[in-house]
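Have a look at it first, then read on.

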Amino acid sequence: MEPNHRCTGDTPADSEERRHEAEGNAVESSATGTQRLSIASSGLDRIREAARRDATLRFTSLLHHITVEFLGESYRMLRHDASVGIDGETWNSYGKNLSERLSDLHVRLHSGAYRALASKRVWIPKSDGGQRPIGIASLEDKIVQKALARILEQIYEVDFLGFSYGYRPEKKAHDALDAVNVMITRRKVSWILDADIKGFFDTVDHAWLMKFLEHRIGDRRVLRLVGKFLRAGVSEAGQWSRTEVGTPQGGVLSPLLANIHLHYVLDLWVQHWRGKHARGEVYIVRYADDFVVGFQYRDDAEKLEHALGQRLRAFGLQLHPEKTRLIEFGRFANENRRRRGQGKAETFTFLGMTHYCTVCRRRKWFLLGRKTSGKKLRAKLKEIAQELRRRRHAPTKTVGAWLRQVMNGHMQYFAVPGNTYAVSSFRAKVVRLWLKSLRRRSQRGRKLTWERYEKLIDAWFPKVRVLHPYPAVRFGVIPKAGAV
């Protein structure tokens with residue numbers, strides 16, 4: 001896919017950017033912090049507006065937006081308690097002599113002397129029992145990646161399609177879940193392709209990603225910076241290894257690069273395919289490398305699944321054979337399967353929620369049921385049990401406060417309409433785990449009665465309640481609503 005227009009000289013937008021650079025330099029020494037923030041915001045707004053005006057514009061001058069003040073803002077946006085990379089630098093330790101360090105970083109960035117460090121590889125458990133590799137960048141790399149991401153987002157947020165939800169400003173997992181709900185309950189959907197790209201973050205082809213970036217980015221210095229991060233490699237147990245493909249999960253810039261890659265490989269292709277080849281209605285909701293496609297007709301679903309496999313292979317990717325399934329699903333699925341002598345419609349899991357076909361008990365109309373994924377639930381309970389063993393002799397108030405935080409976090413995500421039973425079940429299991437832990441603390445703990453324990457439950461465990469609106473209500477007001 002090649003852009004229709006390439007700018008070899010200065011475009012009006014580039015001229016605006018350079019005028020802005022001169023203006024910014026002129027006020028750098030005297031501007032207040034608020035003024036500097038305003039200047040940076042103005043520069044980002046100009047990039048976004050230029051991208052919106054011309055969908056084929058290539059930005060040939062972007063790096064000058066990364067000033068010392070811009071780096072400072074990016075530093076302050078980072079998580080203060082994040083894990084440290086191979087440099088051993090924490091957010092607080094880097095903050096000592098911050099002005100001098102950012103000034104030095106700024107000089108190295110603009111002179112081309114900046115070098116990205118390898119990401120430190122750690123492994124975290126997955127709900128299926130496996131392990132997921134995470135790359136932790138050095139603190140300075142995080143600052144630069146954050147600055148780059150803030151600039152590139154202004155361009156690509158204009159380009160990204162409405163059905164892409166993962167790792168985007170003002171879009172979150174619940175918006176994607178709402179879109180799936182509306183797709184199934186309000187559109188003509190009878191078949192679902194539940195798809196997953198195998199090892200996506202570990203198999204992204206660097207050459208293709210850089211080609212995709214060049215459609216919009218003409219600033220060679222920015223492209224070289226991105227290339228440095230891609231080629232920085234990983235360090236595990238003190239051993240460095242080269243990264244020929246992939247972009248580290250956990251990196252500040254990685255989610256945006258992943259969305260850019262999939263925008264060209266998947267999103268634009270699906271949009272074109274359904275407009276040209278589909279016989280009926282086709283809808284898609286994507287969250288990072290996990291996506292769901294709804295179809296009116298089975299033959300459309302089978303054709304797209306076959307064509308999608310070929311499309312991904314052309315870019316060094318493939319559908320996960322065990323996690324990708326085509327299932328009959330929707331308002332008529334259970335009835336159709338009953339007539340054929342088959343069982344109930346299969347379920348599918350998306351973003352930690354298992355979706356299933358059910359009916360309203362009173363009026364017997366179709367409902368899309370959602371409940372916490374069994375794998376997610378078991379993994380979380382196992383994690384809590386292990387942590388309770390570690391905290392067994394900690395003060396009761398300390399453990400109670402931690403459990404309240406755990407429960408609140410769980411409810412913030414899973415307390416959606418129709419899922420109160422699963423959330424209540426989770427709460428009850430955690431209650432039993434804590435009781436078991438308390439009774440094992442000592443002989444005295446074994447005498448803990450249920451009546452006394454109920455007082456602890458009331459003090460530390462929040463009551464289960466629905467914390468999210470019905471999907472159609474929220475979906476109707478989000479940006480680009482209906483773009484599935």
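This is a predicted model: local features need pLDDT of at least 70, side-chain atom pairs count only at pLDDT 80 or more; totals for chains, interfaces and linings use all residues.

1. Numbering runs from 1 along each chain as its sequence is written, and side-chain values use heavy atoms, with hydrogens and water left out.

2. Overall, the chain has 19 helices and 11 strands (DSSP runs; helices are H or I of at least four residues, strands E of at least two, numbered from the N terminus). Of its 484 residues, 49% are buried, meaning under 20% relative accessible area with a 1.4 Å probe, protein chains only.

3. Take a look at arginine 216, in the loop between helix H9 (206-214) and helix H10 (220-231). Its relative accessible area is 1%, so arginine 216 counts as buried.

4. What does the side chain of arginine 216 reach at 3.1 Å? That is the backbone oxygen of alanine 51. The arginine 216 side chain also makes a polar contact with the side chain of aspartate 159, at 2.9 Å (N or O atoms within 3.5 Å, one able to donate a hydrogen and the other to accept it; residues adjacent in sequence count only if both atoms are side-chain atoms).

5. Now the helix pair: the axes of H5 (residues 98-111) and H6 (residues 139-159) come within 12 Å and cross at roughly 65 degrees. Axes here are lines fitted to C-alpha atoms over the stretch in contact, with angles from 0 to 180 degrees between N-to-C directions.

Key: Buried means under 20% relative accessible area, exposed over 50%, partly exposed in between (1.4 Å probe, protein chains only).
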